[in-house]
Amino acid sequence: MARKFYSLFVFFLCVFFWNLLSGQDIDLSKKITLELRDVSVEDALNEITLQSGISFSYSSNVIDPDEKISLSAKDEPVEDVLYSLIQQLGLDYSVVENKVVIKKPKKRKSTDKKDNKGRFTINGYIKDKVTGESLIGATVRISGTSTGTISNSYGFYSLSLPEGEHDIEFSYIGYLKNTQIINLNKNIRFNLSLGYNLELLKEVTIIADETLEMLEKSQMSQMKIVPQNISKMPEFAGEVGLIKTLQTLPGIKTHSDGSAFFFVRGGSKDQNLILIDEAPVYNHAHLFGYYSVINPDVAKDIKIYKGDMPVSQGDRLSSIIDIRTKEGNLNRFEINGMLNPFIYKLSLEGPFAKKKSSFYASFRHSNFNWLYRNAAPNRNLYLYDLTAKANIRISKNDRIYYSFFYGKDNLMNTETGSEGGIRWDNLASTLRWNHIYNKKLFSNTMIFGSRYNYELLSSETIWNSAIQNINFKTDFTWYMSPENNFKFGFNLNFQNFTPGNLTYDTTSFYISQVPKNKSRQTVFYADNEYDITSKLSLRAGFRLPIWTNVGPTTVFMFDEDYNVSDTLVFEEGDAYKTFVNFDPRISLKYRLDSTSSIKCSYGINHQYVQLISNSISPFTSLEVWLPSGTNIKPQRADQVALGYVKYFHKSHFEFTAEAYYKYMRNQIDYEPHANLLLNPLMEGELRFGDAWSYGLEIMFKRTQGKLTGWLAYTWSRTFKKIEGLNNNEPFPAFYDRPHDFSIYLSWQVSKRSNLSATWVYYTGSAITTPIGYYDYQGYSVPLYGEKNNDRLPDYHRLDLSYNLRLNRRERRFVHSLTFAVYNFYNQENPVSINFNKMETKNGEFVVPADIYGTHEIVTTQKYLLGVMPSITYKFKI
C-alpha cells in the first residue's frame, strides 16, 4: 500500500512540475547576452529577438523607437532583461499568444496599489554574479541614508518606499557596490547580481563588515563569519577548523588542544546548538576534536549567536551556530581540491540547468591508514564526511532545496582477528521549499532530520548510544515596511533517545537494558522588529515550546536520598510528562550618531535535551543524551546584555563591547564517582542546582587594508551551586577562566602571498587538587577539600601560516601551497594533572596498587600537542 501511494505521489508530482514548467507559450527563461550602450529601443528589441526568437509588439504612441537606452546582460534570462528594459522606459509588458506586448502600465487595483503610507515595494533576490548563488545578509538601502533592509537566508529582500525616484544601493562584503536609479511608480521585482571586488576581497578578514546590520538593527550578540576567508588563518594538521576559529572570538572558550568542546558565556558544552541547513548536529568532532565535522569549504554563511537568539531557532541556553551550505554554481562547473599528509578533500559543483538549478558535492577523507600502515598495520583508522546540496527554481516565486550531510569516524583494532574499538557517525538532511506569496510575504517550509550514533565494540559485544529526530517547520516573513518586519511560524519535532545499551554482536540479545525514550515537541514563535524613530528601534518576540514525553518506556522514581521509590511503565503512545514554557525575547537599539549605537537585550531560553557525561577529558565520546522528563526538569537561562558598537570608516576600524549577566536554573552535575554506563538508574546519579555567569567582551578589528585582523579580550566568571556537592556552597565551573585574550593578524605580502598569525592566551581551567595528605598502609593518600579549588597553568599558543598562490596571474586554474606551524614555540599546555601516581626507581610513573613500598606522590601532567608543522596543496578548476 505504501509503495502504491509513493508511486502515485511521484506521478502527480512529475505531472505538476511538467505543467508548471511548460505552461507558457514562449520561454522567457532563455538566456541571452547583451552589451548595448546608447542604442535605440528598436535596435535593442531586435537584438533580443535575434538571440531569443521572441517577437515584440508595441505602439509608437507608447514607445519612441528612437529613444536611447543601455542594456547589459551576461547569460541572463529574457525575463530579467525585460524587467530592466521596462524599468528604464517606465512601461509594462504582457505575454499574448506568442508575443511580448509592451504597453503603458495599468493602474493597479490590488498588488500594485500604494499601501496606506503611499508606498510601493521593490523586492527580489541578490546573487553572486559568477556562481549565481544567493547572497545572505546583503545590504539594500537608499544611498546616503540608513533606510534599508538585509537579504534573508535565501538572498531575498523586500523594501517598501514612497513613490518616486530612488538611488538604491546594493552591497555585500567583498563585492562591488551597485547603485540603481529606480523609478518606483509600481511594485517591482528586481533581481540583482553582484560581482567580486577582487582587490578588496584580498584584504578583508573572516568577519564581515556589516555596518547597516550592526548599527541599525536591534540584533545583539551575533557574529558573522565569511567562510571563504577562513583559509587565511593558521592551519592545524593541514586544515582550518571552525572550532579553532571560534577560539579567537570573544565570549567563546574551547576546552583544550585536540578538543571540539567549547563553552559560551558560562554554559556547558551541550548548551550549544550547531545547525547545518537547519538540521542539528549532535557531535561536531572528528577524531575526538582534532578535526571538526564543519568543513568551512562547504559553508556559504556562518552566523554565531551568543545571546538574543532568533525565536525561530532555539532550545539551547548558550549559543547557536547557524551554517548554510553552498548551493552550487548556477553558471559553470567547478572543481576544488585539497591534499596534505593527513587528509584530502574534493568538491564538484555546477548547473543542472543554467541559471535554474545547480548542485554541490564535497567529500573529505583521512590518510591515516596509509600514514600508519607500517607503524600500526592492525589499526583501521579513518574519518570521512560527505556534504551535498541541490536546488531548482520551479518558478520566479518558488525554489526547492535538498541538502545532505554524513560523517563517520572509525578507530578500530583488528589485531585479534575480530574488530574492537569505537566508531560514531552523524547524519543530517533537509528538504525545503521557498515561496514568495506576494510583494511582502516570504515563506520557508521544510522537513529535516538528523541522527547521531555511537558504538563501543569488543570481540562479542556492542555498546550503543544514539539520538535522532525528524522535524516539520514552516515560517513566514512579512516585510510590512522598512521600519516594520514581522516573522512567525511553527515547528513539529519528534525525537528518539537510546541512552546506551549493551548487546551481543551476533544475536542482538540485550545484556543490559537502559530504558529508551521518546518525545514530541510543538513550537510556536513570532518576532517583530520596529523602528520607533530614526534612532530608536525595538525587536520583541516569543518562543512557545510544548514538550511531551511519550512511551513506551520505564520511569524510575527516586526519594530524597536518591533511592528508587517507584517504577512506572508506559505503553506505546502514552503521554506521561508535559512542559509548557513561554520564552520572551526583547532587544533595543539607540543610534548615537551615524557611526555608533548602543543596544540592550533580555531573553529566556529553555533546553529539553542534555548530554550526560561526568568526564572533563577532551577525548571522551561515551555520550548519552537524555530528554527532560519526570526526574530532569528543563534547563532555563535568563540573560541580559548591554552593548556598544563604533565604526571608524576612514581607517576601517570597528570597536564592539558587550557586558552580560546570565542566570541558569536546573543545571546538571553528578554524584562523586557516578556510574553512567549501562545504568538503568542513571537519573539517580544526577544532581541539580543553579549556575551564573557574567562578563565583558571587547573586540577591536580592522576589516580592510594590507594588514587586517582583530584583537579580542573577555573577562568573565562562571559559578555553580549544586545541591549535595561542595557542602552546598558555590564553586567555579571547570570552564571558569577569568581572562581570555587573542590576536589574529593577516598581512597581504603581495598579490600572490599572505602571512597570518594567531596568538591565544587564557587563564587555566578550574580543577580540584589535594589540600593535604594522610598515610594509609604505608602510602601517601591525597585529601581533597573544596571543589575546583585550583587551576591548570595558564594556556598560550602561537600559530603561523604562509599562503602562496603558485599562479603568477589569475586564471581559471588556480593552485596554492600553505605552510603552517601550530604551537610555533612548542608551549606545553597541560590538559590534566594527576596526584595518584608514584615514581619508581626506574623513573616510571605507576599507580600505587602497581608497586610495593612507600613513595611520595609525584604530580604528573598530560600534554597533547607540541609544535606541529604542516603543508597543504589546494587547487581550483
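About 840 Å³ of space lies inside the largest cavity of this predicted model, a cavity being a set of points on a 1 Å grid over the protein atoms alone where a 1.4 Å probe fits but cannot get out. Its lining counts 34 residues, and Asn-152, Ser-153, Lys-303, Tyr-305 and Lys-487 sit closest to the centre; lining residues have an atom within 4 Å of a point. The structure holds 15 cavities of 30 Å³ or more.

As for who builds that lining, S30 gives the most, with 4 residues. Among the strands that supply at least two residues each are S21, S22 and S31; strands are DSSP E runs of at least two residues, numbered from the N terminus.

Let's follow S21 and S22 first. They run antiparallel, with 6 bridges joining residues 299-305 to residues 319-325, and Ile-302 stands opposite Ile-323. Both strands belong to an open sheet of 5 strands, ordered S14-S21-S22-S17-S18 with mixed pairing, where pairing takes at least two DSSP bridges. S14 and S18 are the edge strands, each pairing on one side only.

Now over to S31, which covers residues 484-504 and includes Asn-484. Asn-484 counts as buried because its relative accessibility is 14%, and buried means under 20% with a 1.4 Å probe, protein chains only. Its side chain makes a polar contact of 2.7 Å with that of Asn-528.

A quick note on the ground rules: residues are numbered from 1 along each chain as its sequence is written. Local features need pLDDT of at least 70, side-chain atom pairs count only at pLDDT 80 or more, and totals for chains, interfaces and linings use all residues, while side-chain values use heavy atoms, leaving out hydrogens and water.

Notes. Buried < 20%, exposed > 50% of the residue type's maximum accessible area, 1.4 Å probe, protein only. Polar contact = N/O pair within 3.5 Å; in protein donor to acceptor, adjacent residues only side chain to side chain. 1 Å grid on protein atoms, 1.4 Å probe; cavity = no way out; pocket = protein on both sides within 12 Å on 5 of 7 lines; lining within 4 Å. Points joined across faces, edges and corners; volume = space filled by probe spheres on them.
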